[in-house]
Amino acid sequence: MSEKNNVLDLLLLGRQLTLPLFVANLVSTWYGGILGVTQISFESGIYNFLTQGVFWYITYLLFAFFLVDKLRKYDAVTLPHLVGQMFGPRSEKISAFFNFFNILPVSYALSVGIFLQILFGGELWVMTLVGTMSVVFYMLSGGFRAVVYSDLVQFSVMCTSVVVVVFFCLFNYGGLSFLQQHLPATHFHWLGGHSLSTNFVWGLIALATLVDPSFYQRVFAANSTRTAKLGILISTVIWILFDLCTTAGGLYARALYPEADSGQAYLILVMETLPSGIRGFVLAGILATIVSTLDSFIFIAGTTLSFDLFPKRWRWKILPHHISVIFSGLLTVFLTYVFTGGIKDIWKTLGSYSAGSLLLPLMLAHLKPKLISDNLFVLSSISSAAVISYWRFGVVLS
């Protein structure tokens, strides 16, 4: 096997990803923010299902029916590689830059750190470093293949565990009537007491799916167009069921432990209310949910560095990819210090840059090929990033 084929196998499993593996890998990869989702449910109720569910389901369907057929016509390896084929080399670099920071799994590294801190104690940064780098080193051994097969196991555990929590709470505490008696009325309003502008931001962030490199990686790795399209549709159904369970879990956590820290409330619910045997299984499911996203995102971040940002002479070499993956893991841990506002703020900041800077030019290019030049794509992306920076930081500071 040539070195290029070795790298293609490392990055995309040789484009032979089957439907069961596609679904298990996509579902587990895309749903790593269980502590962030249950935090929003704890704080705002079913508003979580709107902002972290409904908005996203719409984008999944758009991806499946509008983008998959178009993407499979290209011989691309990564999203920036695709952008380079569509627009030119400058566009490839700028898209790689934005996607690198969008895909860095800062919130998931923080979630692993919180999880390990609750179980073992110690400093949060130490637990974050230990958890993240443990994932990095097992991932280096097998590349995308290691990610795919580990996610298959994690998929089974994570899906079963959230169902177990809901059934246990229903059996022991009751259903909707119990929650209505112990929760604020706003927890059952779709807007959750938030403004329409806040919901608009979440809608924009959901559109980031259309330019998310993890979705593109799975589509490029699939063994056929049918596998990619059907895999996204099946995954969407599973995500709906999963979201119903995590929203309910956050509601029960608020009802039973209203004074708990919102970011840790779901873990407290598991630790305090479940029997020991079930508790261990559910804790494994929570960890699997987080780790299955953490490993995939660090892997893609490393791929973006070695394949898209480094000099092209390193593109089809394995060692630069391994070094990039290690660097991406360490940078992710460092960035957990930068974002002190919690998981929800991390999603809003990094997600808004990706959607705002890359979404419009890329979607226009699919509708009207050759409409946007290489230089115009770069100008559009940089201008959008500047506007977003002013909106998120400049307005606040003024």
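User: Taking contact to mean heavy atoms within 4.5 Å, what do the buried residues of α14 pack against?
Analyst: They pack against α3 (34–44), α7 (106–120), α9, α13 and α15, where helices are DSSP runs of H or I of at least four residues and strands are runs of E of at least two, numbered from the N terminus. This is a predicted model, in which local features need pLDDT of at least 70 and side-chain atom pairs count only at pLDDT 80 or more, while totals for chains, interfaces and linings use all residues. Residues are numbered from 1 along each chain as its sequence is written, and side-chain values use heavy atoms, with hydrogens and water left out.

User: And which residues of α14 are buried?
Analyst: In α14, which spans residues 265–273, the buried ones are Ala 265, Tyr 266, Leu 267, Leu 269, Val 270 and Thr 273; buried means under 20% relative accessible area, exposed over 50% and partly exposed in between, with a 1.4 Å probe and protein chains only.

User: Ok, α9 and α13 then, at what angle do they pack?
Analyst: Helix α9 (residues 143–173) packs on helix α13 (residues 225–256) at about 45°, and their axes are 9 Å apart. The axes are lines fitted to C-alpha atoms over the stretch in contact, with angles from 0 to 180 degrees between N-to-C directions. The angle makes α9 oblique to α13, given that under 35 degrees is roughly parallel, over 145 roughly antiparallel, 65 to 115 roughly perpendicular and the rest oblique.

User: Which residues make that contact?
Analyst: On the α9 side they include Phe 155, Met 158, Val 162 and Val 166, and on the α13 side they include Ile 238, Phe 242, Tyr 252 and Leu 256. By class, the contact of α9 with α13 has 15 nonpolar residues, one polar and no charged.

User: How does α9 sit on α15?
Analyst: Those two pack at about 145°, with their axes 7 Å apart, and the contact of α9 with α15 has 14 nonpolar, nine polar and two charged residues. Within α9, Val 157 is in contact with Phe 281, Ala 284 and Gly 285, once its neighbours within four places in sequence are left aside.

User: Switching to α13, is Leu 251 buried or exposed?
Analyst: Leu 251, which is in helix α13, is buried, with a relative accessible area of 5%.

User: What does Leu 251 touch?
Analyst: Apart from its neighbours within four places in sequence, Leu 251 is in contact with Ser 41, Gly 45, Ile 46, Leu 179, Leu 183 and His 187.

User: What follows α1?
Analyst: Leu 13 does, with a positive phi near 55°, and this residue lies in the loop between α1 and α2 (19–30). Leu 13 counts as buried at 7% relative accessibility. Arg 15, found in that loop between α1 and α2, has a positive phi of about 60° although it is not a glycine. Most residues other than glycine have a negative phi.

Methods:
Contact means heavy atoms within 4.5 Å. Ala, Val, Leu, Ile, Met, Phe, Trp, Tyr, Cys and Pro count as nonpolar, Asp, Glu, Lys and Arg as charged, and the others, Gly among them, as polar.
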